[in-house]
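These entries record what I looked up in this structure. I began with a term that the later entries rely on.

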Amino acid sequence: IDSLGQTLTKAGSSLKNVVAATVYLKNAGDAAAMTDVWREYWREDAPTRTDIQAELVQATALIEIAVIAVPDGGERTIILPAGWSTANPYSYAIKTGDTLFMSGLVSRGAKDNQPVEGDMTTQMNTIFANAEELLKTAGFAMSDVVANRVYITDNAAFGEMNKAYIPHYPKNPPARATVIVGLPGPTYKVEITMTAGKGEKTAFTTP
């Protein structure tokens, strides 16, 4: 994080301007220690965050972090729907200009912060219900979502995930990448990170 801060400062930004972070952990068991350090740097108005467990290129590395930040003076508006839990060390969504960055969403009750267990369809429905409320609070709609990153723990569940995903985007679905990873919490089967944008869009598709 110190290294990221130095890079951002050189670029005319800072850690407090980070709007989105992706944290790759080699060992899922390190999530608590990572979060303890995270809270030291972002005591309030933390960036959105997606946490996944994955193998890293450097054999001795335990963590890799990628961030997106706005420049100094740029808009950075925290989005928090009424009644949602504030216990997590990240913001659910951050708006800057016509773009909305959202944290990785798992099957969790937004108000009580407790996991919603169930099959892939149940978890997908929970994620999209929370996403719709977040988007609405920010003044966006599901049709404004332009990019999704879908993380699933089992390739055998891809078909069920896709079946639950398709109805939410009946026209011009967002760009998407789907990968197999480990997720923080044994009950979670899927995590989705969404990015939304206002304004005119052009969809490029293949037959």
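I took contact to mean heavy atoms within 4.5 Å. The model is a predicted one.

Entry on Met 124. I looked up what Met 124 touches, leaving aside residues up to four places away in sequence, and found Met 161, Ala 164, Tyr 165, Val 190 and Ile 192.

Entry on the cores. I then asked which residues have the most contacts inside the largest nonpolar core. They are Leu 100, Met 102, Met 124 and Met 194, in a core of 31 residues. I noted that at least two residues of this core come from each of strand S6 (99-102), helix H3 (120-138), strand S7 (145-152), helix H4 (158-165) and strand S9 (190-197). H3 gives the largest share, 8 residues. I also found a second, separate core of 10 residues, which includes Leu 15, Val 18, Met 34 and Ala 46.

Entry on the fold. I counted 4 helices and 9 strands in the protein. Read from the N terminus, their order is α-β-α-β-β-β-β-β-α-β-α-β-β. The radius of gyration is 17 Å, close to the 17 Å that the globule rule gives for 207 residues, so the protein is as compact as a globular protein of that length. Of the contacts with a separation of 6 or more, 76% join residues 24 or more positions apart.

Entry on burial and surface. I found that 43% of the 207 residues count as buried. The accessible surface is about 10,900 Å², and carbon and sulfur atoms hold 53% of that surface.

Entry on charge. I located the mean positions of the 18 positive and 22 negative charges, which lie 4 Å apart.

How values were computed: Residues are numbered from 1 along each chain as its sequence is written. This is a predicted model: local features need pLDDT of at least 70, side-chain atom pairs count only at pLDDT 80 or more; totals for chains, interfaces and linings use all residues. Side-chain values use heavy atoms; hydrogens and water are left out. The radius of gyration is taken over C-alpha atoms; the globule rule is 2.2 Å times the number of residues to the power 0.38. Buried means under 20% relative accessible area, exposed over 50%, partly exposed in between (1.4 Å probe, protein chains only). Accessible areas come from the Shrake-Rupley method with a 1.4 Å probe; for residues, only the protein chains shown count as cover. Lys and Arg count as positive and Asp and Glu as negative; His and the chain ends are not counted. The place of a charge is taken as NZ of Lys, CZ of Arg, CG of Asp or CD of Glu. A nonpolar core is a set of buried Ala, Val, Leu, Ile, Met, Phe, Trp, Tyr and Cys residues joined through side-chain atoms within 4.5 Å.
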